[in-house]
Amino acid sequence: MNVQSLASHGLSDDEVAHYHEHGYVIPRWRLPADRLERMRADLDTLLASNAAVGSDSMFCPHITGGGTQGLKGSNIWLEHASIPEILDSVGQLAGSDFLLWGTTVFGKPAGTGKRVPWHQDGEYWPIRPLATCSAWIALDDATPENGCLRVIPGSHKQRRLRAHTRKDSPDLVLNQELNAEEFNEADAVDIVLEAGQISLHDVYLVHGSEPNRSDKRRAGYVCRYMPTTSHFDHAYGAELQKRSGQVDFANRALWLMRGRDVCGLNDFQIGH
Ligand SMILES: O=C(O)CCC(=O)C(=O)O
């Protein structure tokens, strides 16, 4: 892999083409060492102040008011979701007008980190029309041994949600699993990242990850950016929340990251 610490930023034409063709891309750009160090220290603080939550999935650490998990978040995670180089890349993929509507730390602990079931992100989200580019930032090295993200390249292309089944299991990080006949696991590609690298993926991409049975933590911080041509529908979010029982979408705060609210329907007051 061609890993560089580039002074310039943004995606190359090849990287943009890779994203559209395969539904994900690992850019050559990576976080500067000082940013990575700060994020890892902030993760230590987050983990220490939320010992009761468990680190497999910590929803919205960038929001300070707590969500359904009662997570004690910090503005610092909003700042980490505003890294200009990442926003530049997202802008190339999602267009010049987009907002941040969510973040999650998937902090798979060594030895006990749980499986993330195969899924499409869109299955869970109250966004119409469905659109989001997720930036997954590796805070640790992510390898097959510690449960790196796995994706099915090209699975985003039909732009449709496939059939999922709800599974409430203490062994799973999320509770909607893609039905086995909807994809072929043999097509999966491991997203192997060094700490400080990122991957970007499309809302329709089929992905998941294995448990962490290794002795190395595998933490990632993912930021969800949505073009403002789409509407984050808080009312529909309240329904989804009842159905999934996992995440607070009804009161979710939105942050305009670039440009303007093109559809004019997004509510930037709720949750602030
Ligand atoms: O970190 C993981 O293993 C899962 C991440 C994921 O499902 C996502 O970012 O959409």
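In this predicted model, strand β4 (residues 116-120) pairs with β12 in the antiparallel sense over 3 bridges, and within that pairing H119 stands opposite H207. Strand β12 is also joined to strand β7 (residues 149-152), through 4 bridges and again in an antiparallel arrangement, with R150 having G208 as its bridge partner. In a regular strand the side chains alternate between the two faces of the sheet.

In soluble globular proteins, nonpolar side chains tend to be buried together. Here the largest nonpolar core has 36 residues, of which I86, I137, L139, L200, Y221 and Y225 touch the most other members. The elements that give two or more residues to this core include the helices α1 (13-22) and α2 (33-49) and the strands β3 (98-108) and β13 (218-227), while α4 provides the largest share, 5 residues. Leaving aside neighbours within four places in sequence, L139 is in contact with residues including L36, M39, L43, W77 and Y221. A second, separate core of 31 residues includes Y124, I127, Y236 and V247.

The model also holds 7 aromatic pairs. One of them joins F98 and Y225 edge-to-face, at 5.9 Å centre to centre and with 85° between the planes; because F98 lies in strand β3 and Y225 in strand β13, this pair ties together parts that are 127 residues apart in sequence. F98 is buried, at a relative accessible area of 1%, and Y225 is buried at 0%. W101 and W125 form another edge-to-face pair, with 4.6 Å between centres and 75° between planes. W101 lies in strand β3 and W125 in the loop between β4 and β5, so this pair ties together parts that are 24 residues apart in sequence. Ring pairs link W101, W125, F232 and F249 into a cluster. Elsewhere, R128 lies over the face of Y236, at 4.0 Å from the ring centre.

C133 is buried, with a relative accessible area of 2%, whereas C263 is partly exposed at 25%.

Terms used:
Residues numbered from 1 in each chain as written. Predicted model: local features only at pLDDT ≥ 70, side-chain atom pairs only at ≥ 80, totals over all residues. Heavy atoms only, no water. Buried < 20%, exposed > 50% of the residue type's maximum accessible area, 1.4 Å probe, protein only. Core = buried A, V, L, I, M, F, W, Y, C linked by side-chain atoms within 4.5 Å. Contact = heavy atoms within 4.5 Å. Pairing = 2+ DSSP bridges. Phe/Tyr/Trp six-rings, centres within 6.5 Å; stacked < 30°, edge-to-face > 60°. Lys NZ or Arg CZ within 6 Å of the ring centre and 35° of its normal.
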